[in-house]
Amino acid sequence: MTILNVWVSPERAVIAVDTLSTRPRSLEPWTVSKMIPFVHCNAILSGCGNMALMLRVFWQLAQQQGDFDSMALAMPQIVDPAYAECLADLPRLGFTEDQMSPYSIVALVGWSESLGEMCGQYQVRHPGESAFRAREAIDSIMHPNVGEAGVDHDLSTADGMAAQARHQVAWGRHTYPKWAIGGRLSLAERQRDSMTITSRTLD
């Protein structure tokens, strides 16, 4: 299970992901990177569900000769073929389709030159759906969404993101003990001309 929290305002954005994941075959926890920066255009790709999918999307987006706007425009045409490539590769890796996460989010956050502000776009695929659905102009993402439990921290700050993530770790381990969550929290703060990434412990 992945923590994926995103907060976007016109001037800045904060993105937070954890580092623990679950190996599909053994179900053992392992440490992975769930956030990838595009340093040439000051954008960040993150996601949850399938690491192989996010890596394929990153590679395809990296071929775009442009800025965040060109990547955001291309992503809806990239994500479904990338998912199909993941499915096609499963037999070679010794996996079956039911070992892939049925729920996936791919999030892209960066500075839009055309709009003159920070923007976020994410593609989501729910279990049973045949394709990803795009949502643009997002203000925030919280995954897993535990807001109904009555805890809602300020995601616009690093401290608020960390507090929210610790609550998500506790909730995830209680609700879905089979799936790894937590480890360290990778925190990225994006502004038009800067990007900082820091790390905090969650355990």
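Predicted model: local features only at pLDDT ≥ 70, side-chain atom pairs only at ≥ 80, totals over all residues.
Which residue forms a salt bridge with arginine 133? The partner is glutamate 129, and the closest N and O atoms of the pair are 3.3 Å apart. Arginine 133 is partly exposed, with a relative accessible area of 36%. Glutamate 129 is also partly exposed, at 26%.

## Salt bridges

A search of the whole structure finds 7 salt bridges. Three of them are listed here.

| Pair | Closest N and O atoms |
|---|---|
| Arginine 12 and glutamate 189 | 2.9 Å |
| Arginine 56 and aspartate 89 | 3.4 Å |
| Arginine 133 and glutamate 129 | 3.3 Å |

The pair of arginine 12 and glutamate 189 links distant parts of the chain, 177 residues apart. Arginine 12 belongs to strand E2, which covers residues 12-18, and glutamate 189 belongs to strand E11, which covers residues 184-191. Arginine 12 has a relative accessibility of 21% and so counts as partly exposed. Glutamate 189, at 27%, counts as partly exposed too.

Aspartate 89 has a relative accessibility of 17%, and residues under 20% count as buried, so aspartate 89 is buried. Salt bridges with shared partners join Arg56 and Asp89 with Glu85 in one network.

## Nonpolar cores

The largest nonpolar core has 25 residues. Those that touch the most other members are Phe38, Leu45, Leu53, Val57, Leu61 and Leu108. At least two residues of this core come from each of strand E5 (35-38), strand E6 (43-48), helix H1 (51-62), helix H2 (68-93) and strand E7 (104-112). Helix H2 gives the most, with 11 residues.

Leucine 108 shows how parts of the chain meet in one place. Apart from its neighbours within four places in sequence, leucine 108 is in contact with Phe38, Ala43, Ile44, Leu45, Leu61, Phe68, Met71, Ala72, Met75, Cys119, Gly120 and Gln121.

There is also a second, separate core, made of 18 residues. Among its members are Ile105, Trp111, Tyr122 and Val124.

## Strands and sheets

Strands of a sheet pair through backbone hydrogen bonds, in either a parallel or an antiparallel way. Strands E7 and E8 pair in the antiparallel sense over 9 bridges. One of the paired positions joins valine 106 to glutamine 123 in E8. The two strands form a hairpin with 4 residues between them. In the turn, glycine 116 has a positive phi of about 70°. Strand E8 spans residues 117-125 and is mostly covered, with 8 of its 9 residues buried.

What is the order of the strands in the open sheet of 5 strands? The order is E10-E1-E2-E11-E12, and the pairing is antiparallel. Strand E10 (140-143) and strand E12 (194-201) are the edge strands, each pairing on one side only. On average, neighbouring strands of this sheet are turned by 15° against each other, direction ignored.

Within this sheet, E2 and E11 pair over 7 bridges in the antiparallel sense. Isoleucine 15 stands opposite alanine 188 in E11. Helix H3, residues 158-175, lies across E1, E2, E10, E11 and E12. The helix runs at about 150° to E1.

## Threonine 2

Threonine 2 lies in the segment before strand E1 (4-8). At 11% relative accessibility, under the 20% limit, threonine 2 counts as buried. Which residues does threonine 2 touch, not counting those up to four places away in sequence? They are Asp18, Lys34, Gly47, Cys48, His143 and Pro144. With lysine 34 there is a polar contact between the two side chains, at 3.1 Å. Histidine 40 is 38 residues from threonine 2 in sequence, and the two are 26 Å apart in space, C-alpha to C-alpha.

Terms used:
Residues numbered from 1 in each chain as written. Heavy atoms only, no water. Core = buried A, V, L, I, M, F, W, Y, C linked by side-chain atoms within 4.5 Å. Buried < 20%, exposed > 50% of the residue type's maximum accessible area, 1.4 Å probe, protein only. Contact = heavy atoms within 4.5 Å. Salt bridge = Lys/Arg side-chain N within 4 Å of Asp/Glu carboxyl O. Polar contact = N/O pair within 3.5 Å; in protein donor to acceptor, adjacent residues only side chain to side chain. Pairing = 2+ DSSP bridges. Axes fitted to C-alpha atoms, helices over the stretch in contact; angles between N-to-C directions.
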